[in-house]
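Some words used for protein structures rest on cut-offs. How does a label follow from a value?

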Amino acid sequence: MKTKINLSNKRLLSLIISFLFIISFTGSLFAQTKVVGYFTHYRRNIYPADSLQIGNLTHGIHDCAWANADGSIYTPNGFLYPALNTKVHNAEKKILLCFGSDGISTFANFGNVIANSSLRATFVNNITNYLIANNYDGADFDWESPTCSADEANFLAFISALKAS
């Protein structure tokens with residue numbers, strides 16, 4: 001017995017195949033989506049770790065540490081919050097430490113530190129040790145003011161050194 005497929009059935013079949021392809025492609029895109037929540041150190045009294053709703057997040061980011069001019073790490077008094085890291089890890093999520101800036105001087109520190117190979121190495125070593133010692137899974141860099149192509153090259157050298165550490 002022969003089954004005839006008319007033109008409308010071919011179009012329907014083509015639409016179904018196209019639809020399945022699109023779904024399979026977008027499904028892989030969604031699987032790679034990251035949903036991030038920033039947790040600022042100065043708001044932890046308002047939003048304590050035990051009250052945070054993190055179920056929809058893939059990553060938490062603890063905000064914010066800075067580079068000192070000598071490649072050491074600056075964090076405000078009372079910055080470390082082990083309860084936050086524990087809460088995020090218990091939910092099988094990742095917690096990152098954000099390095100950013102609160103003004104012009106700290107932007108300059110970051111740019112100057114990563115531009116100098118010796119200070120860059122010191123900073124990378126300090127970051128690696130700090131992340132391990134304080135139970136972070138990685139780092140986020142919120143550098144909002146690169147000003148020239150040299151900054152881009154320095155940042156790439158910095159990230160490469162950090163990945164190698």
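The questions below go through labels in this predicted model.

Q: Why is Phe-155 called partly exposed?
A: Buried means under 20% relative accessible area and exposed means over 50%, with partly exposed in between. Phe-155 has 23% relative accessibility, so it counts as partly exposed.

Q: Where does Phe-155 lie, and which residues is it in contact with, leaving aside its neighbours within four places in sequence?
A: Phe-155 is part of helix 5. With those neighbours left aside, it is in contact with Phe-110, Ile-114, Phe-141 and Trp-143. The word contact is used because heavy atoms lie within 4.5 Å.

Q: How do you know that the span of helix 5 agrees with its number of residues?
A: Helix 5 covers residues 149–164, which is 16 residues, and at 1.5 Å a residue these should span 22 Å. The end C-alpha atoms are 23 Å apart, which agrees.

Q: What puts the buried residues of helix 5 on the same side?
A: The buried residues are Asp-151, Asn-154, Phe-158 and Leu-162. They cover an arc of only 75 degrees around the axis, and therefore lie on the same side of helix 5. The face turned away from that buried side carries exposed residues, among them Ser-149, Glu-152 and Lys-163.

Q: Which residues of helix 4 are buried, and what puts them on the same side?
A: Arg-120, Phe-123, Val-124, Ile-127, Thr-128, Tyr-130 and Leu-131 are buried in helix 4. Their arc around the axis is only 165 degrees, which puts them on the same side of helix 4. Ile-132 and Ala-133, on the other side, are exposed.

Q: What makes Asn-116 a cap of helix 4?
A: A side-chain oxygen of Asn-116 lies 2.9 Å from the backbone nitrogen of Ser-118. A polar contact needs N or O atoms within 3.5 Å.

Q: Which residues touch the most other members of the largest nonpolar core?
A: This core has 28 residues, and those that touch the most other members include Leu-84, Phe-99, Phe-123 and Phe-158. Helix 4 gives the most to this core, with five residues.

Q: What does the second, separate core include?
A: It has five residues, including Ile-61, Cys-64, Leu-96 and Cys-98.

How values were computed: Residues numbered from 1 in each chain as written. Predicted model: local features only at pLDDT ≥ 70, side-chain atom pairs only at ≥ 80, totals over all residues. Heavy atoms only, no water. Buried < 20%, exposed > 50% of the residue type's maximum accessible area, 1.4 Å probe, protein only. Helix = DSSP H or I, 4+ residues; strand = E, 2+ residues; numbered from the N terminus. Arc of directions from axis to C-beta. Polar contact = N/O pair within 3.5 Å; in protein donor to acceptor, adjacent residues only side chain to side chain. Expected span 1.5 Å × (residues − 1). Core = buried A, V, L, I, M, F, W, Y, C linked by side-chain atoms within 4.5 Å.
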